[in-house]
Amino acid sequence: MLEMQTYGTDTVQPPVLIAHGLFGSARNWGVIAKRMSTTRRVVCVDMRNHGESAWANSHSYPDLADDLANVVTALGGTADVIGHSMGGKAAMVFALTRPDMVRRLLVADIAPVAYAHSQQSMITAMRSIDLSRVETRGDADRQLAQAVDEPSVRAFLLQSLDVKARKWRLNLDVLERDMHLIVGFPDMHGQFTGPTLFLSGALSDYVLPEHRPIIKNQFPKARHAKIPQAGHWLHAERPREFEASAQAFLSA
C-alpha cells in the first residue's frame with residue numbers, strides 16, 4: 001500500500017485522491033489538499049519509488065494504476081482522482097482499466113501520449129551530489145547548482161533528499177531504467193466515460209491540439225481548460241487558480 005497523507009474528515013462523499021508527478025511526493029500537494037479538505041476528504045499519496053512509499057522493481061503505468069486501485073479500495077471503492085504529469089498518466093490508466101472506481105478525473109498538464117523528452121538529466125544531476133559531503137540542505141543545493149541552474153527546480157528536487165540520512169527518497173536506479181516507460185504511455189483500448197477535465201498550463205506545451213483526438217477517443221466526455229501564466233507545474237505556480245478550477249470541476 002502506498003503511503004498516504006489524509007486531510008479532512010468527510011466520509012459522506014467519495015474522497016479526492018491526488019497522485020503527484022515524477023520526483024515529487026504527497027507533501028508537494030499539502031497546501032492545496034489542506035484547502036480543499038474543508039469540504040472533502042483529500043488523500044495525497046507517495047507514488048511507488050518516491051517519498052515514503054516502498055521501492056519496487058518496476059515503474060510501469062499498469063503497476064502504478066494498480067497501486068492507486070489498492071488505495072481507492074481501502075478508501076471505500078470510489079474516488080475523484082487528480083493526477084499531475086506522471087501521476088496524471090497513472091490516473092488515466094487507472095480510470096481506463098477500473099472505470100467503476102473513478103467518479104471524476106482531473107488530469108493536470110499531461111496527455112495519454114509518449115513524449116520525446118526525458119528527465120534523465122535530472123537523475124544525472126541528483127547522482128552528481130557527493131552525499132558524504134552533505135551536512136545541510138544548503139550543501140546539497142550548492143553542489144546541485146553545478147548541474148541545475150534554476151533555484152526552483154533545485155528546491156523541488158531537494159525536497160526528496162533526506163539530509164540527515166544522506167540518501168534520496170527516490171529509487172533512482174529503477175526510475176532511470178524505466179524512464180522510457182515514464183515518458184511513454186501504454187497501448188490502451190478501454191474508455192473512461194465519466195466526467196474528465198484536462199487542466200493545462202497556458203505556457204506549457206505538454207497538451208497540444210493534435211492530442212485532442214486521442215484524448216477524445218479514450219475520454220469521450222473530456223473537457224479542456226488552461227490556467228493563465230502557468231507552465232507545466234501549474235499547481236505550484238498558480239495554486240489558488242488550480243484549487244479553484246479543481247473545486248469547480250469536482251463539485252459540478
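Predicted model: local features only at pLDDT ≥ 70, side-chain atom pairs only at ≥ 80, totals over all residues.

Guide: The protein chain has eleven helices and nine strands. Its radius of gyration is 18 Å, close to the 18 Å that the globule rule gives for 252 residues, so the chain is as compact as a globular protein of that length. Along the principal axes, the C-alpha atoms fill a box of roughly 50 × 40 × 35 Å.

Now to our strand, S8, which spans residues 196-201. Of the 252 residues in the chain, 55% count as buried; in S8, six of six residues do, where buried means under 20% relative accessible area. Both faces of the strand are covered. One side carries Thr-196, Phe-198 and Ser-200, while Leu-197, Leu-199 and Gly-201 lie on the other.

What runs alongside S8? Strand S5, residues 102-108, is joined to S8 by four bridges, and the two run parallel. In that pairing, Val-107 stands opposite Phe-198. S8 is also joined to strand S9, residues 222-227, by six bridges, and this pair runs parallel too.

Stepping back to the chain, consider its contacts between residues at least 6 apart in sequence: 75% of them join residues at least 24 apart.

Conventions. Residues numbered from 1 in each chain as written. Heavy atoms only, no water. Rg over C-alpha atoms; globule rule 2.2 N^0.38 Å. Buried < 20%, exposed > 50% of the residue type's maximum accessible area, 1.4 Å probe, protein only. Contact = heavy atoms within 4.5 Å. Pairing = 2+ DSSP bridges.
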